[in-house]
Amino acid sequence: MDWLNEPCASATEHYREFALQRQQQLTKPSGALGRLETLAVTLAALQGREDPRADRVHISIFAADHGVTEEGVSAFPQAVTGQMVHNFLNGGAAISVLARELGATLEIIDVGVKDPLNHAGLISQRAGAGTANSAQAPAMTHSQLNLALQAGYAAAERAYANKAHLFIGGEMGIGNTTAATALYCALLDVAPSVATGAGTGLDAAGIAHKVNVIQRILDVHRHHLNAPLEALRCVGGFEIAALVGAYWRAAQRGIPIVVDGFISTAAALVAVQQQPNVQQWLLLSHASAEPGHVLATDFLGLQPLLDLQMRLGEGSGAALAVPLLRMACALHNRMATFAEAAVAGETAARL
Ligand SMILES: Cc1cc2ncn([C@H]3O[C@H](COP(=O)(O)O)[C@@H](O)[C@H]3O)c2cc1C
Ligand SMILES: O=C(O)c1cccnc1
């Protein structure tokens, strides 16, 4: 686990400057492309190139089960996690469709689904057979946490080997909005009633019960919640830990990360609180419909690109932001400058 101590890569200020200057020369009023301009400039600086790119996209979906489902915190049964893994691999899940449309690499990693799965396309890097019930005990042991972080590391290394322009992490794990919410509460010091939402679709009574369970989780682990990685170990999940490892490694390798929704943002929170330099590598794809999401995105200083009222996970919101990023890059790289197009530039305002 020596890699955890490696520094994050740095943006290249020279390319940021170059991209800013180019934006000024393109045939449009300065700033008229709004955040698309900032996105292109940021990507140029992060990728260290004159022509920012969003073509090669690496999507890693981490799947794992949660012992806390015993407490009745999800509208769906635990078995859905494994069933959805098959659906991912057979091409029928939302992220399968989106990845195909994008021409992205999609890989599915079993980091601890309860019953091991057999499928030729599955990457198996299991930290256990689901986490322990965090309402009673730490979700994972120290060595399980390390295994899960390592699974994320390996995914980011594959993205690096594939020369990915962007890294997207996704998750599948019934019960994981409970784990993610507990992390929000622990790391942002907010009450469960403020951060808890319906997840897969709980009704009001279900949400009230989920709030109580999360409060119990926080009480049980109250002496372990000050350090981000220890909070992750006690109340998180294998797939969330894998996302932490993946974000961390992608930041070390200098791959811009497109963050998905509520659960992925919990991983981003852990990674940034542990290593603040990860933050500059994060782009936030969308605002999740889970009401607590904004608490974490405000803390992280991230603004969503989209607000589509989505609450799916699987990396789906991040995938949907890719066409926008591609357009931002295309505009930046291919628009004519005022000089090239013989268009007159800005004149001083008339008095
Ligand atoms: C069919 C189905 C597909 C999904 N894909 C992602 N999730 C999402 O819902 C789960 C979290 O919600 P909760 O904490 O309420 O269980 C996670 O697996 C998340 O990825 C799904 C959920 C279901 C049911
Ligand atoms: O925003 C998300 O990532 C999310 C919200 C609810 C359920 N699953 C995922």
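A residue is called buried if 20 or more other C-beta atoms lie within 10 Å of its own, exposed if 12 or fewer do, and partly exposed in between, with C-beta atoms placed from the backbone. The model shown is predicted, so that local features are given only at pLDDT of at least 70 and side-chain atom pairs only at pLDDT 80 or more, whereas totals for chains, interfaces and linings use all residues. Residues are numbered from 1 along each chain as its sequence is written, and chains are lettered from A and ligands numbered from 1 in the order in which they are written.

**View 1. Arg158 in helix α5.** Arg158 is found in helix α5, where helices (H or I, at least four residues) and strands (E, at least two) are DSSP runs numbered from the N terminus. Arg158 is partly exposed, because 18 other C-beta atoms lie within 10 Å. Between the C-alpha atoms of Arg158 and His332, which are 174 residues apart along the chain, the separation is 28 Å.

**View 2. Two residues with positive phi in loops.** Lys163, although not a glycine, has a positive phi of about 55 degrees, and it lies in the loop between α5 (142–161) and β4. Lys163 is exposed, because it has 10 other C-beta atoms within 10 Å. Asp189, in the loop between α6 and α7 (192–195), is likewise not a glycine and has a positive phi of about 55 degrees. With 8 other C-beta atoms within 10 Å, Asp189 is therefore exposed.

**View 3. The shell around ligand 1.** A residue is counted as near a molecule or strand if its C-beta atom, placed from the backbone, lies within 6 Å of it. Of the 18 residues around ligand 1, those that come nearest are Ser74, Thr177, Gly199, Thr200 and Gly313. Helix α3 (79–89), strand β4 (166–172) and helix α6 (176–188) each supply at least two residues of this shell, and α6 gives the most, with three residues. By class, the shell around ligand 1 has seven nonpolar, nine polar and two charged residues, where Ala, Val, Leu, Ile, Met, Phe, Trp, Tyr, Cys and Pro count as nonpolar, Asp, Glu, Lys and Arg as charged, and the others, Gly among them, as polar.

**View 4. The shell around ligand 2.** Ligand 2 is surrounded by Thr177, Gly199, Thr200, Asp260, Gly261, Phe262, Ile263, Ser288, Glu290, Arg311, Leu312 and Gly313. These residues divide into three nonpolar, six polar and three charged.

View 5. Helix α10 is mostly covered, since 15 of its 16 residues are buried. Gly254, which follows α10, has a positive phi, near 80 degrees.

**View 6. Helix α9 against helix α11.** The axes of helix α9 (residues 228–235) and helix α11 (residues 262–274) come within 8 Å and cross at roughly 150 degrees, which makes α9 roughly antiparallel to α11. Axes are lines fitted to C-alpha atoms, for helices over the stretch in contact, and angles run from 0 to 180 degrees between N-to-C directions; those under 35 degrees count as roughly parallel, those over 145 as roughly antiparallel, 65 to 115 as roughly perpendicular and the rest as oblique. The contact is made by Pro228, Leu229 and Leu232 of α9 and by Val270, Gln273 and Gln274 of α11, two residues being in contact if their C-beta atoms, placed from the backbone, lie within 7 Å. By class, this contact of α9 with α11 has four nonpolar, two polar and no charged residues.

View 7. Ala271 is found in helix α11 and is buried, because 31 other C-beta atoms lie within 10 Å. Not counting residues up to four places away in sequence, Ala271 touches Val244, Tyr247, Trp248 and Val278; Ala271 and Val244 are 27 residues apart in sequence and 5.5 Å apart in space, C-alpha to C-alpha. Val272, also placed in helix α11, is buried, because it has 26 other C-beta atoms within 10 Å. With residues up to four places away in sequence again left out, Val272 touches Val278, Gln279 and Leu300.
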